Amino acid sequence: MARNLRFIETEQITQAVAELCVKANVCIGGDIRAALSKAQLRETSPLAGAVLALLSENAEIAERENLPVCQDTGMSVVFVWLGSDVHVNGDISVAINEGVRRGYRDGYCRNSVVRDPIDRINTGDNTPAVIHYDFTEGDFLRITVMPKGFGSENMSAVKMLKPSDGLSGAADFIVETVRLAEANPCPPIIAGVGIGGTLEKAALLSKQALLRDLGEINPQPLWADFEAGVLERINNLGIGAAGFGGRTTALGVNVLTYPTHIAGLPIAVNIGCHATRHRTIIL
């Protein structure tokens, strides 16, 4: 049977990515705004409560004035879901990078990417982006732009646990990663956790986990209970908002899992700052 393909031009992708780059850096998610407000209401430390209020005020000003919510406008991580009934007329990776280039220029966002890890020469336009592709059924193209600042990225970690370490070992590793991070990732954080697969799969899952809405409960009861228990342990660390103590070190713990080898238990923790910025469009 003949298939009806949708054709998408690369310029449409470029413009969409440019807009996403600006919006993601200017407007934090409504789920995070709500979580910050709830945290402020239940905070018992006056200093921590004041910090949470300032974070909310900063987000409001950024959106109102169309300014980046943070000076670290991140390295652009782009997730692409491409439907099997879609054909892109051109090179999609080139189109995405051109969108990042335009977005960071038009949004007056800081260029934070260097061309080589050692010579450290800035590329001048925040490219190249880190692009992850996934292929699915359908006639749509979904793009998510996540500007990832390195105050939080630098505090992330991966470990190859033994299968016998089990849930308790995984929980201990997550909590210890957050404890060692202290105030560096601009808490209250979101802990994205990837468990399973291989080393690189666990790391990718941990970043994808940061895209889940904070109000969304894990559909698997085992992992929903695990997330709640780890979140409680993290908030008992006392690091608090901006590291000033209090009850709110994390706004959420989001876990994604994948089948793995009989001899392994890979786990990765990708820490997101209090803003954990990302925006999505479906073309």
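G30 is exposed, with a relative accessible area of 55%. Exposed here means over 50% relative accessible area, buried means under 20%, and partly exposed is in between, using a 1.4 Å probe and protein chains only. G30 sits in helix α2, residues 30-42. Now look across to L214. It is 184 residues from G30 along the chain, yet their C-alpha atoms are separated by 9.5 Å.

A word on the model. It is predicted, so local features need pLDDT of at least 70, side-chain atom pairs count only at pLDDT 80 or more, and totals for chains, interfaces and linings use all residues. Residues are numbered from 1 along each chain as its sequence is written, and side-chain values use heavy atoms, with hydrogens and water left out.

Next, strand β2. It covers residues 75-83, and eight of its nine residues are buried, so the rest of the structure largely encloses it. What does β2 pair with? One partner is β5, residues 141-148, which runs antiparallel to β2 and is joined to it by eight bridges. Pairing requires at least two DSSP bridges between the strands. In this pair, V77 has M146 as its bridge partner. Another partner is β4, residues 130-136, parallel to β2 over seven bridges. There, V78 is bridged to I131.

On to the backbone. Most residues other than glycine have a negative phi, and most peptide bonds are trans. Here are some exceptions. T127 and P128 are joined by a cis peptide bond, with omega about 5 degrees. P128 belongs to the loop between α4 (92-106) and β4. R120 lies in that loop between α4 and β4 too. Its phi is positive, near 60 degrees, and it is not a glycine. R120 is exposed, at 53% relative accessible area.

Move to the loop between α6 (166-181) and β7 (189-197), where P188 is found. A cis peptide bond links P187 to P188, with omega about 15 degrees. C186 is in the loop between α6 and β7 as well. It also has a positive phi, near 60 degrees. Is C186 buried, partly exposed or exposed? Partly exposed, with a relative accessible area of 39%.

Now the pockets. A pocket is an open set of points on a 1 Å grid over the protein atoms alone, where a 1.4 Å probe fits and protein lies on both sides within 12 Å along at least five of seven lines; lining residues have an atom within 4 Å of a point. Nonpolar covers Ala, Val, Leu, Ile, Met, Phe, Trp, Tyr, Cys and Pro; charged covers Asp, Glu, Lys and Arg; the others, Gly among them, are polar.

The second largest pocket has a volume of about 350 Å³. Volume is the space filled by probe spheres set on the grid points, which are joined across faces, edges and corners. Of its 24 lining residues, C70, P185, C186, C273 and H274 are closest to the centre. At least two lining residues each come from α3 (46-65), β5 and α5 (150-153). The lining of this second largest pocket divides into 12 nonpolar, nine polar and three charged residues.

Note on methods. Helices (H or I, at least four residues) and strands (E, at least two) are DSSP runs, numbered from the N terminus.
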